[in-house]
Amino acid sequence: MNISLHNKKVFFASDFHLGAPDEALSKIREKKIINWLNSIEEEAAAIFLVGDIFDFWFEYDKVVPKGFIRFLGKIADLKEKNIPVFFFTGNHDLWMDDYFTKELQIPVYHH
Ligand SMILES: [Mn+2]
């Protein structure tokens with residue numbers, strides 16, 4: 001992992017618990033998170049998402065959870081702007097397989 005800073009910052013965030021406690025409240029929080037990501041992207045050398053981003057993420061061979069599309073789209077947007085994003089699973093989203101790696105091209109660390 002090699003991050004060039006160039007007067008930029010590295011951001012760490014966790015425990016968004018997207019999906020909890022219900023769809024309506026989660027959607028409000030999801031918008032706040034996206035606003036926050038929009039606000040830091042100019043100064044972000046890298047963003048580490050360090051656990052429990054989802055309040056349960058279960059992933060199967062061809063199936064991922066419904067929802068979170070704006071958040072996932074924002075992560076794709078950050079990647080397209082060449083901002084490295086790293087995902088560490090927490091105890092609520094440890095059932096993550098290769099969707100993020102393949103679809104968003106971000107590394108997922110389980111340890
Ligand atoms: Mn948590």
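This report covers helix packing, the nonpolar core, backbone exceptions and selected loop residues in a predicted model.

## Packing of α1 and α2

Helix α1 spans residues 23–40 and helix α2 spans residues 69–80. Their axes lie 9 Å apart and the packing angle is about 15°. Angles under 35 degrees count as roughly parallel, and α1 is therefore roughly parallel to α2. The crossing of α1 past α2 is left-handed.

On the α1 side, the contact is made by Lys-27, Glu-30, Ile-33, Ile-34, Leu-37 and Asn-38. On the α2 side, the residues are Ile-69, Arg-70, Phe-71, Lys-74, Ile-75 and Leu-78. By type, the residues of this contact comprise seven nonpolar, one polar and four charged.

## The nonpolar core

The largest nonpolar core contains 26 residues. Within this core, the residues with the most contacts are Ile-47, Leu-49, Phe-54, Phe-71, Ile-75, Phe-87 and Phe-100. Two or more core residues come from each of these elements: the strands β1 (9–13), β2 (44–50) and β3 (85–88), and the helices α1, α2 and α3 (99–104). The largest contribution is that of α2, which supplies four residues.

Phe-71 belongs to the α2 side of the helix contact and is also among the core residues with the most contacts. Beyond its neighbours within four places in sequence, Phe-71 is in contact with Glu-30, Ile-33, Ile-34 and Leu-37, among others. Leu-49 and Phe-54 are themselves among the core residues with the most contacts.

## Backbone exceptions

Most residues other than glycine have a negative phi, and most peptide bonds are trans. The peptide bond joining Ala-20 and Pro-21 is cis, with omega at about -5°. Pro-21 sits in the loop between β1 and α1.

His-6 is not a glycine, yet its phi is positive, at about 45°. His-6 belongs to the segment before β1 and counts as exposed because its relative accessibility is 67%, with the limit for exposed set at over 50%. Phe-68, also not a glycine, has a positive phi of about 65°. Phe-68 is in the loop between β2 and α2, and its relative accessible area of 11% makes it buried.

## The loop between β1 and α1

His-17 lies in the loop between β1 and α1. Leaving aside residues within four places in sequence, His-17 is in contact with Arg-29, Asp-52, Ile-53, Phe-54, Asp-55 and His-92. Val-50 is 33 residues from His-17 along the chain, and the C-alpha atoms of the two are separated by 12 Å.

## The loop between β2 and α2

Pro-65 is located in the loop between β2 and α2. With a relative accessible area of 22%, Pro-65 is partly exposed. Not counting residues up to four places away in sequence, Pro-65 touches Trp-57 and Phe-58. The C-alpha atom of Pro-65 is 9.9 Å from that of Phe-54, a residue eleven places away along the chain.

## The loop between β3 and α3

The loop between β3 and α3 holds Thr-89 and Asp-93. Thr-89 is buried at 16% relative accessibility. Apart from neighbours within four places in sequence, the contacts of Thr-89 are Gly-51, Leu-94, Met-96, Val-108, Tyr-109 and His-110.

Asp-93 is buried, with a relative accessible area of 0%. Not counting residues up to four places away in sequence, Asp-93 touches Gly-51, Asp-52, Ile-53, Phe-54, Trp-57 and Phe-87. Of these, Phe-54 and Phe-87 are among the core residues with the most contacts. Gly-51 is listed as a contact of Thr-89 and of Asp-93. From Asp-93 to Pro-107 the C-alpha distance is 14 Å, and the two are 14 residues apart in sequence.

## Asp-77 in α2

Asp-77 is placed in helix α2. Its relative accessible area is 22%, so Asp-77 is partly exposed. Asp-77 and Gly-51 are separated by 26 residues in sequence and by 20 Å between C-alpha atoms.

Conventions: Residues are numbered from 1 along each chain as its sequence is written. This is a predicted model: local features need pLDDT of at least 70, side-chain atom pairs count only at pLDDT 80 or more; totals for chains, interfaces and linings use all residues. Side-chain values use heavy atoms; hydrogens and water are left out. Axes are lines fitted to C-alpha atoms, for helices over the stretch in contact, and angles run from 0 to 180 degrees between N-to-C directions. Angles under 35 degrees count as roughly parallel, over 145 as roughly antiparallel, 65 to 115 as roughly perpendicular and the rest as oblique. A crossing is left-handed if the near helix is turned anticlockwise from the far one by less than a right angle, and right-handed if clockwise. Contact means heavy atoms within 4.5 Å. Ala, Val, Leu, Ile, Met, Phe, Trp, Tyr, Cys and Pro count as nonpolar, Asp, Glu, Lys and Arg as charged, and the others, Gly among them, as polar. A nonpolar core is a set of buried Ala, Val, Leu, Ile, Met, Phe, Trp, Tyr and Cys residues joined through side-chain atoms within 4.5 Å. Buried means under 20% relative accessible area, exposed over 50%, partly exposed in between (1.4 Å probe, protein chains only).
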